[in-house]
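Please look over the structure shown below, with attention to its pockets and to one helix that contributes to a pocket lining.

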Amino acid sequence: MRWEDFRQSANVEDRRGDPQSAGMRGGGGLGLGAIVVLGLLGWMFGIDPRLVIGGAEMFNQATRGRQTQSEPQTPAKAPSDEVGKFVSAVVAQNEDVWTDVLPKQTGVSYRPPRLVLYSGSTRSACGGASAAMGPFYCPNDQKVYLDTSFFRDMQRKLGGGGDFAYAYVISHEIGHHIQNLLGVLPKVQAAQARAGSKAQANALSVRVELMADCLAGVWAANAQKKYNILEPGDVEKAIRTAQAIGDDRLQGEAQGYVVPDSFTHGSAEQREQWLNTGLKTGDVNACNTFAR
C-alpha cells in the first residue's frame with residue numbers, strides 16, 4: 001500500500017508512553033462479545049483473538065447504557081514514529097475520502113473522529129480500554145482507540161499483516177463512526193433494547209460489523225480511484241484477514257464446533273462478502289446489511 005507521500009491527520013492523539021494513561025483501568029466490564037471471546041477463544045491465542053472487530057465489544061457496552069467516566073482531556077500529540085505516521089496517514093486518507101464521498105452519496109456531512117494511540121491501557125468515554133480488546137470505536141466520545149501492538153498480533157497469531165490489512169482494520173473502526181453519523185448505531189441500540197433474546201441482539205451486532213467491513217471497502221475503492229494507493233497483493237491480504245476473523249473460524253479453531261446464535265461479527269464468508277461489496281461498488285448505499 002502506498003501511503004508515505006500522503007499527509008498526516010491532525011486528528012490523531014498519541015498517548016503511548018503516557019504513564020498516567022498506561023496505568024489506568026477503566027470502570028465497567030467488557031460487553032457480551034468480549035465475554036464470549038475471552039471465555040471461548042482467548043485461551044487459545046493468548047489475547048482477545050477478535051482483534052480487529054473489537055468495536056462491537058465497546059458498542060455493546062455503550063448501547064446497554066453503561067456510561068462511565070470520560071477519558072482524560074489529554075492534549076493532542078502527533079506521532080513521530082513510523083507506525084504512528086502510517087496510522088496518521090490512513091486516518092488522513094479516510095478524512096479526504098469521506099469528506100467527499102459521504103455527502104455526495106448520503107447527503108450527510110462528514111465530521112472526522114479522533115484516533116487515540118495508546119499502550120497497554122487507557123480510558124475512553126465507554127470505559128476502560130486495553131490491548132487485549134483490539135481496536136474499537138466509542139460512540140460516546142466519537143473516538144477510535146488503537147494499541148498498535150495489535151499489528152504484531154495480527155502477524156503472529158492470526159496469520160495476517162501488511163499495510164493494507166492494517167488500513168482495513170483502522171477503516172473498519174472509522175466505518176463505525178460513519179454508522180454513527182448516519183444514525184445507524186442509535187437505531188440498533190433501540191432495537192437491541194427491544195430484542196427478545198440474546199441471539200436476536202447478537203444478530204444485530206453481526207449486521208453492524210458486516211456493514212463496517214463494507215464501509216472499509218468503500219473507503220478503499222474510492223481511495224484507489226483518487227490516489228492509486230493499492231499495490232499487488234494488497235486486496236488479497238485484507239480479504240485473508242477478514243476471513244481469519246470470522247466467528248465460525250475462530251470458534252471452530254477454539255472449541256471444534258460453532259454456535260451461530262452466538263456470532264457477533266459474522267462468518268468468514270460473510271466478512272469476505274461485505275468487504276468485497278464495498279471494494280467493488282465504492283458505494284455506501286450498497287452496504288445496507290440490515291436490508292438483507
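The largest pocket is lined by Leu-182, Gly-183, Val-184, Lys-187, Val-188, Met-211, Val-284, Asn-285, Cys-287, Asn-288 and Phe-290. This is a predicted model, in which local features need pLDDT of at least 70 and side-chain atom pairs count only at pLDDT 80 or more, while totals for chains, interfaces and linings use all residues. Residues are numbered from 1 along each chain as its sequence is written, and side-chain values use heavy atoms, with hydrogens and water left out.

A pocket here is an open set of points, on a 1 Å grid over the protein atoms alone, where a 1.4 Å probe fits, with protein on both sides within 12 Å along at least five of seven lines, and lining residues have an atom within 4 Å of a point.

| Pocket | Volume |
|---|---|
| Largest pocket | about 210 Å³ |
| Second largest pocket | about 160 Å³ |

The second largest pocket is lined by Trp-3, Glu-82, Val-83, Phe-86, Thr-148, Phe-151, Arg-152, Asp-163 and Tyr-166. Two or more of its lining residues come from each of α5 (82-106), α6 (149-157) and α7 (163-182), and α5 gives the most, with 3 residues. Helices are DSSP runs (H or I, at least four residues), numbered from the N terminus.

Helix α5 is followed by Gly-107, whose phi is positive, near 80°.

Key:
Grid points are joined across faces, edges and corners, and a volume is the space filled by probe spheres set on the points.
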